[in-house]
Every structure is written in C-alpha cells, then in structure tokens.
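This briefing goes through one protein model by topic. Please read it alongside the sequence and the coordinates.

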Amino acid sequence: ETKSVHIGTCIYCGSTQKPLTDEHAVPYGLSGRWVLNKASCLACQNIIGKFERDVLRNIMVSARASVKTKTRHKHPKKIPIKIIRNGMTSIENVSIEELGGVLTLLEYKSPAFIDKRPYTKGIDVVGACLVSNNKDAFKTLSKRLGASSPSFTVDYKEQNFERLICKIAYAMSVYKFGLEVFERVFVLPSILNQTDDVGMWLGSLPPCKGNTDIEVIYNINNFN
C-alpha cells in the first residue's frame, strides 16, 4: 500500500518551479511505500537518481533480485563471482536462486558531529560484513564448482551508498514531520554532492561480523 503526502516544493533546493516530480522516500527499487508528491525538481532528481541507480544496480543487486523488490527493469538471473580452481582465478556466473541475496555493509566510525573528533572530510570506513539470506551458499558453490574461496567485488563509488542512507533518513523525516519544521538541514549539501562531509553526519555502531571472504573496493577518488 502506497502512502503519500503532498509537498509542492523541492525538498532538496526549495524550488517551486514546475515540473516537480514525486519522490519515494525509500527508493521504488527497494519497494518503498512512502511517497512525497511534487517534492523534487528535475535538477535535484537527476542528482538523486544517479546515486540511487548505482546503489540499487551494484551494491544491492543480488539482495534485491533474491527478495524480488519492485523494479522498472528485470532483475538479473545470474551474478558473477570470483573463484579459485586448480590455482587459477576465474569468474563464474551463478544463479540468484543458488547464491541468494548477498549484501555487503560497511562499518564506519561514529558521526564526527556526535563524537566531536577532529574531522576534515569524507567518511572513515573501519570494516565490512557480509549479510546473506543463504548462509550455506558459498560452501555449496565451492563444492559444486570444485573451487575454493568464492568471493565477489562490491565497488562503493563516490559515497553513493552513504548519500542514499542520508537521503532516506531526510526524506522519511519530511514525510513524518513535514518540510516546514526544518530551519536548516545540515546533511543536504552532502546528499546533493556539493560537499565532502558525509562522515560528519553518518556513522554506525559495530555490526555483527559475517563471512569475511569478501573484497570491497571503496572508491573515494571519484568525488566531484
């Protein structure tokens, strides 16, 4: 069931110039039900859409396909993984049904705004964990493929994942409390990729450690 509220103003830049598009607080591709009607101008929607697409089609691709979230495009049926067989590294395409949903989550320091540590820019990544709805997937794949160390690569680009988390938190706050209650939204410049300070506002508690046989590329050099 979709739940919506009318806004009539871009929640990111304050523009009232038409056309304004509807904004899913939680992305449609994650089956988000909460919609802000007429809440994003085309310029801001282009920015938001760019990082949402990267996260949904890269970081969350197998997890979304496994649980069959809503999508405007077909979910992939197979995902490439890296294996080592007879001392040689190769790529195998395995089915979502066999792999299950796999999601790599990063562990961060607390937001610098909260712990008051010296801070300059970016976000401090201190670890990663693997979350899966098929805990025996890698063991089963190793046996079937006659391989060791099945793994996959997740490329975290331009702080897109972190910006998406901030966007969801902000948009859900607007949904719940309304836009008029905010005098200033400190995280907005980070969401819009205008500043490199997401670590000031975003952080995490230490997660439960999962399978460590993962390779994570955190790309901080593409910040524009």
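Helix 1 takes in residues 42–59, a run of 18 residues. From its first C-alpha to its last it reaches 25 Å, close to the 26 Å expected at 1.5 Å a residue. The model is predicted, and the points below are computed from its atoms.

**Helix 1**
- The buried residues of helix 1 are C44, I48, G49, F51, E52, D54, V55, L56 and I59.

**Overall make-up**
- Eight helices and 10 strands make up the secondary structure of the protein.
- The C-alpha trace spans about 60 × 45 × 30 Å along its principal axes.
- Of the 224 residues in the protein, 43% are buried.
- Among contacts with a separation of 6 or more, 71% are between residues 24 or more positions apart.

- Three strands form an open sheet in the order 5-4-8, and their pairing is antiparallel.
- Strand 5 (88–95) and strand 8 (148–151) are the edge strands, each of which pairs on one side only.
- With direction ignored, neighbouring strands of this sheet are turned by 30° against each other on average.
- Two bridges hold the antiparallel pairing of strand 4 (residues 78–85) with strand 8.
- K82 has S151, in strand 8, as its bridge partner.

**Strands 6 and 7**
- Strand 6 covers residues 102–108, and six of its seven residues are buried.
- Strand 7 (residues 125–132) runs antiparallel to strand 6, and seven bridges join the two.
- E107 is bridged to G127 in strand 7.

**Aromatic rings and charges**
- The whole structure holds five aromatic pairs.
- One aromatic cluster is formed by Y12, Y170 and F182.
- In general, the distance of the centres and the angle of the planes describe a pair of aromatic rings.
- Which ring lies under the charged end of R72? That ring belongs to Y28, and the charged end sits 4.1 Å from the ring centre.
- For K116, the charged end sits over the ring of F113, at 4.5 Å from the centre of that ring.

Terms used. Residues numbered from 1 in each chain as written. Predicted model: local features only at pLDDT ≥ 70, side-chain atom pairs only at ≥ 80, totals over all residues. Heavy atoms only, no water. Buried < 20%, exposed > 50% of the residue type's maximum accessible area, 1.4 Å probe, protein only. Helix = DSSP H or I, 4+ residues; strand = E, 2+ residues; numbered from the N terminus. Pairing = 2+ DSSP bridges. Axes fitted to C-alpha atoms, helices over the stretch in contact; angles between N-to-C directions. Expected span 1.5 Å × (residues − 1). Phe/Tyr/Trp six-rings, centres within 6.5 Å; stacked < 30°, edge-to-face > 60°. Lys NZ or Arg CZ within 6 Å of the ring centre and 35° of its normal. Contact = heavy atoms within 4.5 Å.
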